[in-house]
Amino acid sequence: MQESSEPSVIGAAPEGARDPRSAARAVREMFTSIAPRYDLLNHVLSFNIDRLWWRRTARAFGHILSRVDSRVLDLCCGTGDMTFALRRQAGQSSSQILGADFSHAMLQRATIKAASRNDSKPGWIEADALSLPFPSAHFDLVTSAFGFRNLADYDAGLRESLRVLRPGGECGILDFGEPNGLMGVIYRMYFKQVLPRVGTMISGVRGPYAYLPASVERFPPPEEMLERMKRAGFDEASWTPYSFGIAGLYRGKK
Ligand SMILES: C[S@@+](CC[C@H](N)C(=O)[O-])C[C@H]1O[C@@H](n2cnc3c(N)ncnc32)[C@H](O)[C@@H]1O
């Protein structure tokens, strides 16, 4: 038997997706379908802990956000909550913060929220995280909250983030994990039994909230993600668990 020298692509695989292209399309359609209820569901299903995680992530990059004229890209920004947390952390600094997502409907919610907060500072752009419309070495910081796990090719996502970062620039990926021990048992029960039912009830859409626990299960564990970050070319890579490892922040430096 002949072995292929190409490593197989690892990324999100919603039900029915056959390849990275159909996976990406399914992910975009899924988020577009739940966009109107996304925020409500997020806060209800996470008991509002998501706000703490966004804030903590933004704080972790305070040294970049407070810098004059730093350029920041929040990938997979959805309705913008991570982007807004970065904005708040930046305070009066003149950093340029941009939220990017490939679902038009999610971005629309972000712009409506920005207008209702009278916050014209973040810019928004419809773009694919795997093929960004920016020159190389452009940003000081690239973040992503609960979005990276949905990419159709994790390694390509890391390489593209690295490409747009300046030397010395940093990357922060906030995403779900799978805690161990008793917390893990409780968490899995909630995530697999309760969350899909409540999510489906509130959103009126069945697929996404069954996909969520499946996508977390499929996501590489921290040791493997750190290995992939190093292989992609990040010099330093670390993971900090949040809330017993239910979520966690990957950090990489170019
Ligand atoms: C779970 S939401 C997270 C939104 C937001 N960052 C948050 O913390 O609430 C994931 C987002 O990733 C976006 N997404 C997934 N794959 C993407 C890609 N290849 N390019 C751009 N956005 C993508 C989806 O459209 C969706 O809005």
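Begin by selecting Ser-243, which sits in the loop between strand E6 (236–242) and strand E7 (247–253); strands (E, at least two residues) and helices (H or I, at least four) are DSSP runs numbered from the N terminus. The model is predicted, so local features need pLDDT of at least 70 and side-chain atom pairs count only at pLDDT 80 or more, while totals for chains, interfaces and linings use all residues. Residues are numbered from 1 along each chain as its sequence is written, and side-chain values use heavy atoms, with hydrogens and water left out.

Phi of Ser-243 is near 50°, a positive value in a residue other than glycine. With a relative accessible area of 28%, Ser-243 is partly exposed; buried means under 20%, exposed over 50%, and partly exposed in between (1.4 Å probe, protein chains only).

**Phe-146 and the cores**

Next, select Phe-146, in the loop between E4 and H7. Its phi is also positive, near 55°. Phe-146 counts as buried because its relative accessibility is 11%. Show its contacts (heavy atoms within 4.5 Å): leaving aside residues up to four places away in sequence, Phe-146 touches Trp-53, Trp-54, Leu-174, Asp-175, Phe-176 and Ala-247.

Phe-146 is also among the residues with the most contacts inside the largest nonpolar core, together with Trp-53, Leu-65, Leu-86, Leu-174 and Phe-176; this core has 43 residues. Helix H1 (residues 20–34) supplies its largest share, 6 residues. A second, separate core of 25 residues includes Leu-158, Ile-173, Met-229 and Phe-234. Such a core is a set of buried Ala, Val, Leu, Ile, Met, Phe, Trp, Tyr and Cys residues joined through side-chain atoms within 4.5 Å.

**Helix H7**

Select residues 154–164, helix H7, where 9 of the 11 residues are buried. Among the buried ones are Tyr-154, Asp-155, Leu-158, Glu-160 and Val-164. Their cover includes strand E1 (71–75), strand E4 (139–145), strand E5 (165–176) and helix H10 (222–232).

**Helix H6**

Move to helix H6 (residues 104–116). Its end C-alpha atoms are 18 Å apart, in agreement with the 18 Å that its 13 residues should span at 1.5 Å a residue; the expected span is 1.5 Å times one less than the number of residues. Colour its buried residues: Ala-105, Met-106, Leu-107, Ala-110, Lys-113 and Ala-114. They pack against H1, helix H2 (38–45), helix H5 (81–90), strand E2 (96–101) and strand E3 (123–126). After H6 comes Asn-118, with a positive phi near 60°.

**Asn-42**

Within helix H2, select Asn-42. Asn-42 is buried, at 18% relative accessible area, and touches Asp-50 and Trp-54, not counting residues up to four places away in sequence.

**The ligand**

Finally, select the ligand and the 20 residues that surround it, the closest being Tyr-38, Cys-76, Asp-101, Ala-129 and Ala-145; a residue is included if one of its heavy atoms lies within 4 Å.

The protein covers 97% of the 600 Å² of accessible area that the ligand has on its own, by the Shrake-Rupley method with a 1.4 Å probe.
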